[in-house]
Every structure is written in structure tokens, then in C-alpha cells.
Amino acid sequence: MAETALTTPGESPARAAGWQGIAADWSSDQRAFKNVSWGKAMMWIFLLSDTFIFSCFLLSYMTARMSTTVPWPNPSEVFALSIGGKHIPLILIAIMTFILISSSGTMAMAVNFGYRRDRVKTAILMLVTAAFGATFVGMQAFEWTKLIMEGVRPWENPWGAAQFGSSFFMITGFHGTHVTIGVIFLIAIARKVWRGDFDVERRGFFTSRKGYYEIVEIMGLYWHFVDLVWVFIFAFFYLW
Amino acid sequence: MTNVAVIDGQQPSLQTHAHDAIAAGTAHAKGQQHPIKLYLVVWGWLFVLSTCSYLVDYFGLHGYLRWSLILLFMVLKAGLIVAVFMHMAWERLALAYAILLPPVLVLVFVAIMVFESEYTHLIRVLFFASPT
């Protein structure tokens, strides 16, 4: 496929800010996203579409919960754990939240070190992020196992409205899938960073195109999005 | 179109350089160098906000107080992640609005479904709920 050659006539003039900037960028008869590469713009647009998918899941959950006449199971008790003889509500979910937030923190720092071309620190931070992500998925698997053992099914559960199970498995299952894909994505990019692909501008195996440290940021966008979705799931499904 | 491809494939021309420079986002990379401290501070705030929203459940707050606090902490966390971790605060408005406005419009969908489920609930109560 032909790569579109974009002509940049020397130093580009200063771009307008504010609303005039939006109008100027969008009506410029060129590309709308001026200083953003296509890779990054397309990741944002993919994330936007993913936002709609998760919105639909949360909306269907809201509709099911609002329209049922059967009481909704209390998530505070459903997800409680007994640790050391003490009964702590929702503790597992709280720990999972902190783990995912920590992984977002290490990811943000990995992006930063990537742009500083610090190969080793970037790769290590990405692998730490992947480890946090894998831990999160592991705890989710534990949570699923526990609930299934207690008799939660997509069509019934011992505590109340039957839609609880279907909403739970659908929403957390889809989110867990995203985390799993993210972990694989992280390991793949971390390997490239570690090998120094972006320092020697080695060409990609599939694409035959040069890679740049920007891929760490694009990868980071995906990972932060996974964390972002969890913020909403945590609020609406577990806390509400 | 094919012409460009041939030039690209055979020798590193001026065009490939221009393309690579754009792909690398050379103009952009400068804007993304923030001190590590910024990320650590945001990380800390996310921990604080998560703890707060957990405490809402731990202390068993109920009703509008609970819901408004949950929404407040949720919006603050989401805002911090998008603005700082995802660098949206430093992007041009053309991108920020293109990405952030459509999800806000989902609220219209939410409003529609609230009406819909209120109606369904009413019908179920009127016709299906067992008389007590």
C-alpha cells in the first residue's frame, strides 16, 4: 500500500487556540488532528468505540436493575471476604482497584521514560505493569470461582434478581478480556523496547516499518482506558 | 499513489524522511515530557479517591449522599486518568472534543433508558407482581 506522503512546508505557523483552533483544524482540508500521529489518533478512535460498547453494557445493566421488581443482591455483601476472622465488605474489589490504579501509574512512568529513550527503565516499568495486570486477572478469576461456587449463574443466584449474574459475568468478563489482551500487548511491546528496536529503528516483523517510542504511549492509552473502564464499573456495579 | 510507493520502497527519499518525522510525532514528543513527580502526585490522588469511594461503602452511607459521593469520586478519578495519564490535557482541542464529546452524548441514551425502565417497572408492578 502506498504510504501517503505528507508535505510539511518547513516550520509550520503557530496554530490558533480555543474554538478558532477547532474550526481551523477541522476545516483545514488536510488532517484534523494536527500534531498527533495516525497511530495515536486511531487508538483514540478505537477507544471511543470501545467506550460505546462498555456504555451499552452498563446501560443494559442499569435498565435491568431499574426495571426488576425483585430486590437486587447487595454487592457489598456478595463481594465481602473474611480475612483473619474479620468480615470486610467489598475488600477484594477494593484491592483489585488499587492494583489496577498502580498499574496505570507504572504505565504512565513507562511512557515518560520511553520518551527519554531510557530503554531499560521503560521495559521494566512495562513488565511491572503487565505483572499488576496479570494479578488483577488472577483475582478476577478467584472472584468468578467464588461466585460460581456460591451458585451464581447468568440465569439465577441465591440472593435476588436473576439479572445480577448475567450483568456481572458480561461486564466483568468483557473487562477482564480487555485486561488480558492488554497484558499480552504490554509484553510484546516491552520485548521490543528491551531489545532496543526503537533505538536502532529496526523494522517490524509484520509491518516492515520502523517503530518509535511513541508506541509505548499508544499502548499506554489502551492500558489507561482499561483502568478508566474499571473506575466506572467499580462505581456503578460494585458501589451503587 | 503508486509513484510514492516506488520512491518509498527503493530509496530513502525526502518524502520518507518527512513521513517518518510525522509518524514519530517529532513536534509532539516535546510536549510529552513532564516530570515524574506529576505522575506520582496523580497516582497518590487516585489512591486517595479510591479509598474515599471504598469508605462510602464501608461506612454504609445510603440514598442520595451515597450516590452523589460515588459519582463525584468516579468523575474525579476518570478526569485525572484522562487528563494526565492519557495526556489529554496537552492535546489540541480538535482531538479532545472529538474524543470526549461523543461519550457525553451517551447521557441522552441514559435518559431514554431511565424513562423506559421506569415504565417497565410500573407495568410489572401493576400487572405481574404478586399481591401482598
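Predicted model: local features only at pLDDT ≥ 70, side-chain atom pairs only at ≥ 80, totals over all residues.

Q: Where is A:Ser208 found, and what is its phi?
A: A:Ser208 is found in the loop between H6 and H7 of chain A. Its phi is positive, near 55 degrees, in a residue other than glycine. A:Glu201 lies in the loop between H6 and H7 as well. Its phi is also positive, about 55 degrees, and A:Glu201 is not a glycine. A:Glu201 is partly exposed, because 13 other C-beta atoms lie within 10 Å.

Q: How many helices and strands does chain A have?
A: First, the terms: helices (H or I, at least four residues) and strands (E, at least two) are DSSP runs, numbered from the N terminus. Chain A has seven helices and two strands. From the N terminus on, the order is α-α-α-β-β-α-α-α-α. Along the principal axes, the C-alpha atoms of chain A fill a box of roughly 70 × 40 × 35 Å. Of its 240 residues, 38% are buried.

Q: And what elements make up chain B?
A: Chain B has six helices and zero strands. Its elements run α-α-α-α-α-α from the N terminus on. Buried residues make up 21% of its 132 residues.

Q: What span should helix H5 of chain A have?
A: The rule: the expected span of a helix is 1.5 Å times one less than its number of residues. H5(A) covers residues 119-149, 31 residues in total, so it should span 45 Å; its end C-alpha atoms are 45 Å apart, which agrees. After H5(A) comes A:Gly151, with a positive phi near 100 degrees.

Q: Which residues of H5(A) are buried?
A: An α-helix has 3.6 residues a turn, so residues three or four places apart point the same way. In H5(A) the buried residues include A:Thr122, A:Leu125, A:Met126, A:Thr129, A:Phe132, A:Gly133 and A:Phe136. Their cover includes helix H4 (91-115), helix H6 (163-195) and helix H7 (214-239) of chain A.

Q: What does H4(B) look like by the span rule?
A: H4(B) has 23 residues and reaches 33 Å from its first C-alpha to its last, close to the 33 Å expected at 1.5 Å a residue. Its buried residues include B:Tyr39, B:Trp43, B:Leu46 and B:Leu49. The buried residues of H4(B) pack against helix H3 (75-78), H4 and H7 of chain A together with H5 of chain B. B:Gly60 follows H4(B), with a positive phi near 65 degrees.

Q: At what angle do H1(A) and H6(B) pack?
A: Two packed helices are described by the angle between their axes and the distance between the axes. Axes are lines fitted to C-alpha atoms, for helices over the stretch in contact, and angles run from 0 to 180 degrees between N-to-C directions. H1(A) (residues 18-26) and H6(B) (residues 93-127) pack at about 85 degrees, with axes 8 Å apart. The two helices are therefore roughly perpendicular (65 to 115 degrees; under 35 is roughly parallel, over 145 roughly antiparallel, the rest oblique).

Q: Which residues make that contact?
A: Two residues are in contact if their C-beta atoms, placed from the backbone, lie within 7 Å. H1(A) brings A:Gly18, A:Gly21, A:Ile22, A:Asp25 and A:Trp26, and H6(B) brings B:Leu93, B:Ala94 and B:Tyr97.

Q: Where is A:Glu214, and is it buried or exposed?
A: A:Glu214 is in helix H7 of chain A. It is buried, because 23 other C-beta atoms lie within 10 Å. A:Glu214 and A:Gly114 are 100 residues apart along the chain, yet their C-alpha atoms are separated by 7.8 Å.

Key:
Residues numbered from 1 in each chain as written. Chains lettered and ligands numbered in written order. Buried ≥ 20, exposed ≤ 12 C-beta atoms within 10 Å, placed from the backbone.
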